[in-house]
Amino acid sequence: MATMARSFLQAISKDEAVAPPLRVVQIEGLAVLKMIKHCKEFAPTLVTGQLLGLDVGSVLEVTNCFPFPVRDDDEEIEADGANYQLEMMRCLREVNVDNNTVGWYQSTVLGSYQTVELIETFMNYQENIKRCVCIIYDPSKADLGVLALKALKLSDSFMELYRGGNFTGEKLREKNFSWMDIFEEIPIKVSNSALVSAFMTELETDTPVSQGDYDRLHSSTTPFLENNMEFLIKCMDDLSMEQQKFQYYYRNLSRQQAQQQAWLQKRKTENMARKSAGEEPLPEEDPSNPIFKAIPEPSRLESFLITNQVSNFCGQINGVAGQNFSRLYLTKALHEN
Amino acid sequence: MAAASEHTVLQFVAPSSTATATATTSVLTARIHPLVIFNVCDCFVRRPDSAERVIGTLLGSILPDGTVDIRNSYAVPHNEFSDQVAVDIDYHHNMLASHLKVNPKEIIVGWYSTGAGVNGGSALIHEFYAREVTNPIHLTVDTGFTNGEGTIKAFVSSNLSLGDRQLAAQFQEIPVDLRMVDAERVGFNVLKATSVDKLPNDLEGMELTMERLLTLINDVYKYVDSVVEGQTAPDNNIGRFIADAVASLPKLPPQVFDDLVNDSLQDQLLLLYLSSITRTQLSLAEKLNTAAQML
């Protein structure tokens with residue numbers, strides 16, 4: 001018995017040492033509905049909430065969740081929010097709900113969630129819990145009949161870079177890091193208890209057409225596309241701003257280097273002259289000279305995030321346009337009949 | 001009310017005893033969102049070993065037409081011994097305060113319990129909730145599937161009194177309207193199965209929907225054909241429905257329709273082109289940015 005216990009402990013400690021990578025997020029239908037309800041009721045205000053569940057090997061189970069009240073910047077309210085969170089956790093524990101925080105969920109507008117705030121929140125969570133996940137729900141996409149749930153985490157290499165705090169071109173080249181490597185999307189599984197499954201089978205309406213079908217066939221996707229384009233244009237503007245920042249930096253850098261060269265040339269000739277005059281040569285470096293001060297390289301994080309957003313919008317436009325094709329051909333076929 | 005207490009008669013008194021309120025209670029329906037059922041089931045699965053049933057508070061709002069919209073719920077720990085019931089009132093109030101912080105519009109509308117029907121303890125708990133809110137609703141969800149199906153029933157209670165003396169409470173069943181629209185949006189195939197490996201993506205959903213539409217159209221064809229051939233007795237109502245459906249398609253000359261479709265197609269293509277070119281630009285810019293080595 002003792003040996004068994006020890007081997008069990010060993011097994012656990014071994015597991016701790018090499019935590020298997022997170023492969024799947026398994027969400028209970030209850031949590032899905034709760035998230036959707038919260039996000040939808042408050043749309044277009046962006047809301048967040050906490051995910052509760054269990055961490056089982058490479059699967060992260062999300063079994064419940066609770067919403068956060070809409071946040072204010074007021075400090076008093078913030079303290080109140082922390083109290084609320086503790087109170088809620090305590091209450092849920094009393095009715096035997098898993099009270100392990102495994103991450104948070106948030107709503108988004110047209111999938112524009114790639115922000116510095118999200119990364120900061122994620123790093124905060126990551127410090128306390130080893131494995132956490134962020135679930136994104138997009139109410140605007142849900143109107144098109146899509147279950148727009150996404151589970152995200154930051155990639156390990158990104159977290160390492162972020163902790164180091166430098167996003168210079170050199171570092172990124174070294175790591176071979178590109179904007180696609182910031183976020184990792186984790187596949188979502190939905191699970192339901194047998195009881196829920198029985199009830200849903202029982203309650204499923206007999207009509208052959210569901211609300212989801214109706215939403216999907218709805219042909220007015222123009223507002224969605226328009227908004228998407230608008231966001232895309234805004235992002236492109238931001239991106240070009242970022243680009244200008246870099247150009248400015250590079251221009252400054254090259255100017256500085258030219259100045260340095262000139263100075264060095266001057267110093268060398270001066271030294272030659274001194275040498276021929278039999279004097280000690282002056283040092284070839286002068287840290288006090290302002291032209292030797294390194295210009296800080298702007299962080300590339302922002303532009304990476306914008307790039308991510310842009311690519312996201314492109315993806316969405318592609319997807320919706322693709323759907324529209326099928327819709328149009330369907331209308332055509334129907335009309336011809 | 002004053003007149004009633006003078007004569008000693010056996011009477012039912014609705015919880016809110018004004019005549020108008022009684023009138024509205026008679027048409028009261030409960031509209032239940034699927035989340036509530038999910039929540040009840042989850043609580044039941046997670047109940048303590050000793051508990052026979054779980055109870056909890058229902059949150060929602062009362063719509064102007066008297067329908068009670070039940071949108072949320074939370075479990076409340078309780079104990080039941082033969083004829084005594086202890087509800088954790090502190091817990092109930094804490095949880096209520098927390099929920100109100102998130103959504104002040106959702107107020108208590110009643111309570112739920114698992115099990116097939118109403119029993120002695122229910123009357124006591126109902127009395128407690130009647131103090132929290134006038135005319136609470138009692139929802140029972142039969143998680144045991146006692147008669148082979150998961151029955152969901154809603155009740156309101158009215159008091160049976162003899163003069164001033166309360167004799168008993170009578171639970172009256174009211175109609176239940178299950179709002180499955182939310183669930184439909186998520187998709188029953190996701191919520192029904194005990195485990196779904198992959199969420200359907202846009203195109204798969206579209207395909208499914210189209211298939212369904214196709215079968216529907218085929219069904220209509222079959223029906224019309226069989227009526228025309230005289231195999232099925234014609235039903236005027238169905239005929240009118242079909243006529244309406246066909247008429248709902250706008251009548252456009254082929255030329256105009258073609259233009260319409262082609263224009264939209266071109267719009268979409270333009271969008272596709274734009275987004276692809278942006279993507280290409282992005283990857284190009286990235287290469288240049290990170291590869292740009294100074295000196």
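This is a predicted model: local features need pLDDT of at least 70, side-chain atom pairs count only at pLDDT 80 or more; totals for chains, interfaces and linings use all residues.
Trainee: At what angle do the axes of α10 and α11 of chain A cross?

Mentor: Axes are lines fitted to C-alpha atoms, for helices over the stretch in contact, with angles from 0 to 180 degrees between N-to-C directions. Helix α10 (residues 222–276) and helix α11 (residues 301–336) of chain A cross at roughly 155°. Their axes come within 9 Å. Angles over 145 degrees count as roughly antiparallel, so α10(A) and α11(A) are roughly antiparallel to each other.

Trainee: Which residues make the contact?

Mentor: Contact requires C-beta atoms, placed from the backbone, within 7 Å. From α10(A) come residues including A:Phe224, A:Phe231 and A:Leu239. From α11(A) come A:Ile306, A:Phe313 and A:Val320, among others. By class, the contact holds 12 nonpolar, five polar and three charged residues. Nonpolar means Ala, Val, Leu, Ile, Met, Phe, Trp, Tyr, Cys and Pro; charged means Asp, Glu, Lys and Arg; the others, Gly among them, are polar.

Trainee: Into which domains is chain A divided?

Mentor: Domain bounds come from an automatic or database assignment. Chain A has domain 1 (20–211) and domain 2 (234–336). Their contact takes 14 residues from domain 1 and 12 residues from domain 2. The domain 1 side has eight nonpolar, six polar and no charged residues.

Trainee: How many residues of chain A are in contact with chain B?

Mentor: 80 residues of chain A touch 69 residues of chain B. α11(A) gives the most to the chain A side, with 19 residues. That side has 41 nonpolar, 26 polar and 13 charged residues.

Trainee: How many helices and strands are there in chain A?

Mentor: Helices (H or I, at least four residues) and strands (E, at least two) are DSSP runs, numbered from the N terminus. Chain A has 11 helices and eight strands. Chain B has 10 helices and 12 strands.

Trainee: What percentage of residues count as buried in chain A?

Mentor: Buried means 20 or more other C-beta atoms, placed from the backbone, within 10 Å of the residue's own. Of the 337 residues of chain A, 32% are buried. For the 295 residues of chain B, the figure is 27%.

Definitions and conventions:
Residues are numbered from 1 along each chain as its sequence is written. Chains are lettered from A and ligands numbered from 1 in the order in which they are written. Angles under 35 degrees count as roughly parallel, over 145 as roughly antiparallel, 65 to 115 as roughly perpendicular and the rest as oblique. Two residues are in contact if their C-beta atoms, placed from the backbone, lie within 7 Å. A residue is buried if 20 or more other C-beta atoms lie within 10 Å of its own, exposed if 12 or fewer, and partly exposed in between; C-beta atoms are placed from the backbone.
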